[in-house]
Amino acid sequence: MFDPAAETPYPDVQRPDEEPAPHALLSPVLGLLGTWRGRGRGGYPTLAEDFEYAQEVTFSHDGRPFLRYEARAWLLGADDAPLRSAAGESGWWRLQPDGRVEALITQPTGIAEIAVGRATDNTVDLSTHDVALTPTAKKVDATRRRYALADDATLTFVHDLAAVGQPLQHHLSARLRRRDWTAPASRARGSSVSVETRFGRR
């Protein structure tokens with residue numbers, strides 16, 4: 001007889017005041033927790049024209065010193081109507097002492113990146129350490145990703161790209177706002193981290 005697995009007792013959470021409490025090493029990036037939505041603009045020398053897109057980014061954790069990362073984007077037409085699905089990626093950010101970050105990011109287009117950087121003040125800056133490609137993936141040599149949290153609680157994202165013979169240069173930029181958190185019925189017991197929109201504040 002089939003015995004289904006029990007529901008996981010360790011779900012990911014997107015709020016710093018929910019259980020499990022975030023690991024101390026996540027302190028510099030607590031302001032990123034949640035789901036962010038917005039729009040941006042992109043372009044590259046190998047493309048016929050620039051484009052507008054919408055984006056959703058989610059950061060969560062399960063109590064360990066890892067930040068789970070998921071992002072998806074879709075192209076927008078002149079009337080802001082969705083045209084088609086575009087970029088998508090997922091991965092993990094491994095937080096180290098002193099705000100150092102090691103990120104593993106994979107894309108369905110056959111690209112897997114390892115990026116390293118640092119979370120300082122209200123900014124996370126990641127640059128490529130290594131790139132792995134499937135046999136049919138387009139050539140990508142390097143990327144740089146910057147996430148900055150502003151005083152008005154918006155998140156700006158800038159992505160530089162070196163690919164298909166082009167040097168590292170601007171590719172994408174977006175401005176995102178966090179989806180409203182629904183206040184929990186009661187504060188999770190044992191959590192001492194306050195909700196704060198700035199990195200590193202506790």
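Where pLDDT is low, the predicted coordinates should not be read in detail.

Some ground rules. This is a predicted model, in which local features need pLDDT of at least 70 and side-chain atom pairs count only at pLDDT 80 or more, while totals for chains, interfaces and linings use all residues. Residues are numbered from 1 along each chain as its sequence is written, and side-chain values use heavy atoms, with hydrogens and water left out.

Now the fold. Ten strands form a closed barrel in the order β1-β2-β3-β4-β5-β6-β7-β8-β9-β10, with antiparallel pairing. From one strand to the next, the twist averages 25°, where axes are lines fitted to C-alpha atoms, for helices over the stretch in contact, and angles run from 0 to 180 degrees between N-to-C directions. Strands here are DSSP runs (E, at least two residues), and helices would be runs of H or I of at least four, both numbered from the N terminus. Two strands pair if DSSP finds at least two bridges between them.

Strand β5 (residues 100-107) runs antiparallel to β6, and eight bridges join them. Gln-107 has Ile-111 in β6 as its bridge partner. The hairpin from β7 to β8 passes through six residues.

A few backbone details. Which residues are joined by a cis peptide bond? Glu-19 and Pro-20 are, with omega about 0°. Pro-20 sits in the segment before β1 (34-42).

Asp-80, in the loop between β3 (66-76) and β4 (82-95), has a positive phi of about 70° although it is not a glycine. Asp-80 is partly exposed, with a relative accessible area of 41%; buried means under 20%, exposed over 50%, and partly exposed in between, using a 1.4 Å probe and protein chains only. Ala-153, in the loop between β8 and β9 (154-163), is another residue other than glycine with a positive phi, near 65°. Ala-153 is partly exposed too, at 23%.

Last, the interior. In soluble globular proteins, nonpolar side chains tend to be buried together. A nonpolar core here is a set of buried Ala, Val, Leu, Ile, Met, Phe, Trp, Tyr and Cys residues joined through side-chain atoms within 4.5 Å. The largest such core has 30 residues, and those with the most contacts inside it are Phe-59, Leu-67, Trp-93 and Tyr-147. Its largest share, five residues, comes from β3. A second, separate core has seven residues, including Ile-111, Val-131, Leu-161 and Ala-163.

To finish, what is Trp-93 in contact with, leaving aside its neighbours within four places in sequence? Among its contacts are Leu-32, Phe-59, Leu-67, Val-101, Val-124 and Tyr-147.

Note on methods. Contact = heavy atoms within 4.5 Å.
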